[in-house]
Amino acid sequence: MRRLTLPDQATLRLAQSDFLLLFQALHRSIGGGSEWESVIFWGYDRALCKDLQHVWQQSLAQYSTPTSPLEARFPETIIPGQPESLASQRNENPNGTHRSTSGLSPNFIFADPETISTLEDGISPFRISNDVGQTEAVCRQLHAKVAHLPEPLSEERMIYADGSPANLLVLAASLQIWIQVKPVNRETPTKIADSTPPPNSPIDSSAPPDDRPWQAVLSCNPEEIARLLRIPAIAVLLPSETRVTRQKKGSLTILRQFWATLLQLPPSSLEDQFSAATITPPVPSLSIDFFLRQAPIGILQLGLDGGISKANLAFCQLIGYTETELRHLDNQSISFPQDFVAEVRLIQQLVDGGCSQQTLRKRYLCQDGSLLWAEVKLSLVGEAETGERSVFAFVTDLSAQILAEQEILQSREREAVINDISTQIRTKLDFQTILQIAVERLRLALDSDRVIAYQLFPDYSGICLAEDIAPTYPRMLGQKFSSQCIPPAYLEAYQRGRIWSVADIHSSELAECFQEMLQQFRVHSLMTTAVVSMDDALKPQNRTLWGLLVVHHCRGPRQWTKDEKQLMQAVANLVATALEQAQLLQHLQLHTQELENRECEQRLSAEHFRSFLEKSTDVFVEYDTQLRYLSINPAGCAFLGLPSNQVIGKTNRELLGSTGENLETLIQHAFDTGTKVFVDHEFHLPTGVRVFEIVYAPVANSTGTVQRVIGIARDVTELKQHWQRLETQNHQLTETTRLKEEFVATTSHELRTPLTAILGFSNVLLQEFFGKLNPKQKDYLERIHTSGQHLLDLINDILDLSRLEADRLELDLQTIFVPDVCEGVISLIQERTLNQGLCLEVDLDPQVDWIVADPRRLKQMLLNLLTNAVKFTQEGTIGLKVYRQTNPTHLGRSSDSSPLPNKQPGFFPRDTVHFQIWDTGIGINETDQKRLFAPFAQIDSSLSRKYQGTGLGLVITRKLAELHGGTVSLESSPNQGARFTISLPLQKGG
């Protein structure tokens with residue numbers, strides 16, 4: 001049975017004097033009949049390589065071996081340019097046996113790092129022959145294939161191999177070992193050959209680490225050594241027989257002999273087949289305590305009863321106990337209970353002899369209460385007969401590996417959550433279902449107590465739309481919250497994509513409403529992110545904020561990790577994608593419904609049109625390019641007196657003869673020009689001559705080619721007859737109107753002549769130029785003059801009205817000064833106002849100075865309204881107000897032809913001047929206002945009416961205002977007076 005099993009690699013901390021002892025241990029292990037095949041030194045530190053070679057020669061001098069066949073085959077100088085100090089030095093012993101005082105001549109390799117990389121990638125290994133010249137030729141051949149190497153190879157060139165300053169590769173038939181040497185820090189001395197101790201001197205293994213500045217890594221792994229030997233630069237230095245194979249039984253024995261020499265273990269710990277007579281007394285070597293302290297992994301020596309005998313510094317640093325404290329404990333007290341049971345089972349298998357080594361993963365209980373994951377390799381050491389048996393546990397820290405595995409597991413869980421939600425998005429179309437699945441998967445992945453989806457309304461209030469919660473906490477689903485719970489600054493941050501988290505709400509400054517709400521639902525920690533639109537083209541501040549995704553932790557405070565935030569953001573992005581998908585689906589459904597409705601409407605429209613064609617009295621026909629009938633409605637068939645099957649496919653010439661020829665000419669014109677053709681055509685039918693109004697409309701395809709012509713014919717015989725009668729009547733009316741105008745003009749002239757004489761003579765008599773008048777005479781003359789003036793006004797009004805109705809009244813438009821016109825009108829009415837005891841108020845806007853109008857007609861309009869105001873106001877006040885107003889709804893150009901600011905292009909205001917005549921008289925009710933502007937209309941039309949007049953003043957006023965491009969409006973109530981407003985454009989035609 002194997003008593004000792006060690007790893008293939010060990011790391012030692014050495015003093016300068018320990019290298020000789022290390023090499024001596026190697027010679028002792030390889031002694032007993034084995035021989036060296038090759039020893040190779042390389043590295044980028046030339047001085048360190050030379051020091052290692054010097055120490056190697058010293059170790060050989062103290063422990064010489066017989067000359068090997070390799071020494072006889074190879075020359076003293078293996079590589080051109082090798083320093084002479086490294087050549088073999090031989091002497092003869094007294095018995096005549098060839099002995100070597102310096103051992104095998106070591107081989108040196110020096111090259112650039114790029115060269116080694118090239119050699120590894122592209123050049124096959126070379127072998128060295130026995131002939132020196134051939135060896136140099138092969139080396140030169142190798143150098144010629146690598147452009148980076150000078151030829152011949154120089155010692156001044158260094159190599160790079162595995163990042164070590166110096167390397168030693170020892171190859172023998174029974175042992176292969178690779179030693180890498182490097183200083184622990186930059187302050188380490190670069191010399192190791194000047195402090196070599198005398199032979200057989202003891203080593204102080206208890207020296208502090210600062211006195212051991214060198215690190216040596218010993219590797220016996222065949223795969224690693226085989227990889228080195230495949231490097232061409234090393235392969236060319238080896239004999240062709242050199243092979244690296246798995247260690248056989250004898251090789252493993254020598255390997256364990258080497259480890260036993262280092263550990264100073266008794267020979268009985270080795271294999272039974274290994275003869276103690278072949279073991280020479282061990283040279284002073286490294287103690288087991290030294291090896292334990294310098295091992296990079298934790299080592300623990302356990303008794304079979306579970307007690308702790310020894311623990312190295314690396315193990316103490318791992319779990320936080322000192323070695324003294326561990327000796328007062330046992331293995332069970334520092335092991336996780338389940339793992340300790342498994343470890344005891346494996347140790348029992350070692351004791352029973354079922355295997356030589358056991359490996360397990362276990363958790364150690366550290367001093368600070370934390371757990372340490374480690375890989376433990378168990379080896380049994382000692383003899384069963386003596387009872388001195390113990391277990392060595394080699395402990396490798398797996399914290400980083402376990403952490404990485406946990407991260408990978410969490411990453412896979414997050415990917416599973418995201419993939420699950422993505423699958424739901426692809427397979428489900430209902431947004432509410434996807435939202436519920438998202439909050440459920442997120443709560444499970446984060447191991448939280450509540451996850452909600454919170455939708456925001458336009459006023460930033462919101463509602464909990466979906467929720468997944470642990471059973472012991474109150475629900476929030478369906479509850480609404482005011483906008484005060486979320487400050488505007490937070491909303492802006494959410495809209496920019498920020499994730500907000502609080503480890504403990506009690507130690508954070510939150511809005512009072514928000515904190516009360518969280519306490520009500522027993523929340524201790526939370527994390528929130530926004531669900532925004534996924535359109536990357538939009539700027540963050542312009543994104544649409546749909547709502548929030550919120551995670552609550554109710555069991556206590558919680559620090560949210562970066563991975564958890566990334567998972568939450570990824571879920572929020574998926575929810576946003578689902579939202580966009582739902583919106584697109586809704587739009588698509590609406591569009592589909594709209595298309596279906598439109599199709600239904602078109603189908604109904606087609607049916608209605610078909611029904612219309614069937615029931616229409618108009619003739620509808622369709623012609624092809626050969627002028628043949630493609631279709632015809634029942635009215636057309638009735639017109640032709642034939643069924644449709646006898647009409648389809650025939651031409652008008654075949655059906656109507658010479659009349660059809662004329663129609664085909666018109667149809668052909670529609671085909672040729674692509675324009676509509678209108679014609680009135682007479683058809684001589686048995687019932688008489690009928691007149692049809694016909695339209696031929698071409699129907700073209702997408703290229704503009706006319707493929708069909710639609711013909712529509714309507715019987716307008718009666719309409720034509722009515723039209724002729726109307727024309728006759730209109731002619732008669734025109735003649736009557738002309739005769740009426742002539743009569744009015746003649747009558748007006750005939751009446752004006754005697755009226756002028758009556759008014760003139762009565763005025764002369766009233767002025768008493770021919771003597772005094774008695775009161776009665778004067779009263780009669782005033783009545784004659786007033787009646788004559790009234791009759792003259794009536795005649796003038798009738799004449800103006802007839803001209804207005806006949807559109808024969810022309811305006812004399814001028815730019816007039818508004819204050820002058822108003823002053824003239826006021827002077828005419830002022831005396832009558834004073835005689836009646838009324839107050840007269842005039843309000844002229846200073847901005848109104850001129851207007852384009854007919855001055856005579858403007859005075860006539862103002863005088864008519866002011867006269868009515870005086871007539872219908874017994875007491876109180878009448879007034880005239882003139883002001884200017886800009887109409888913002890008029891499209892055109894202003895008087896200065898410049899647009900106003902902040903208006904659309906082509907938008908120009910039109911100024912309006914308002915002449916408002918108001919009074920405090922009897923007023924007009926709403927019913928009478930509707931007939932107030934009719935000719936000869938008066939409110940009181942009885943013979944005993946109180947207020948005299950013809951009823952033409954308002955009609956003439958309105959028509960004159962409209963002739964100016966203006967209007968007349970009225971606002972009045974009974975006993976509240978009246979307010980007439982004449983609105984005229986500042987510039988007519990603007």
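Here we take a helix pair, then a sheet.

Mentor: This is a predicted model: local features need pLDDT of at least 70, side-chain atom pairs need pLDDT 80 or more, and totals for chains, interfaces and linings use all residues. Residues are numbered from 1 along each chain as its sequence is written, and side-chain values use heavy atoms, without hydrogens and water.

Trainee: How are two packed helices described?

Mentor: By the angle between their axes and the distance between the axes. Here the axes of α1 (residues 18-30) and α2 (residues 46-62) come within 9 Å and cross at roughly 50°. That makes α1 oblique to α2 (under 35 degrees is roughly parallel, over 145 roughly antiparallel, 65 to 115 roughly perpendicular, the rest oblique).

Trainee: Which residues in α1 and α2 meet?

Mentor: In α1, they include Phe-19 and Phe-23; in α2, they include Leu-52 and Trp-56. Contact means heavy atoms within 4.5 Å. By class, the contact of α1 with α2 has eight nonpolar, five polar and no charged residues.

Trainee: How do strands of a sheet pair?

Mentor: Through backbone hydrogen bonds, either parallel or antiparallel. In this model, five strands form an open, antiparallel sheet, ordered β10-β9-β13-β12-β11. Two strands pair if DSSP finds at least two bridges between them. The edge strands, β10 (308-311) and β11 (357-365), each pair on one side only. From one strand to the next, the twist averages 30°.

Trainee: How many bridges join β9 and β10?

Mentor: Three, in the antiparallel sense. Gln-301 has Lys-310 in β10 as its bridge partner.

Trainee: Which helix lies across β9, β11, β12 and β13?

Mentor: Helix α12 (residues 337-352), running at about 155° to β11.

Key:
Axes fitted to C-alpha atoms, helices over the stretch in contact; angles between N-to-C directions. Helix = DSSP H or I, 4+ residues; strand = E, 2+ residues; numbered from the N terminus. Nonpolar A, V, L, I, M, F, W, Y, C, P; charged D, E, K, R; others polar.
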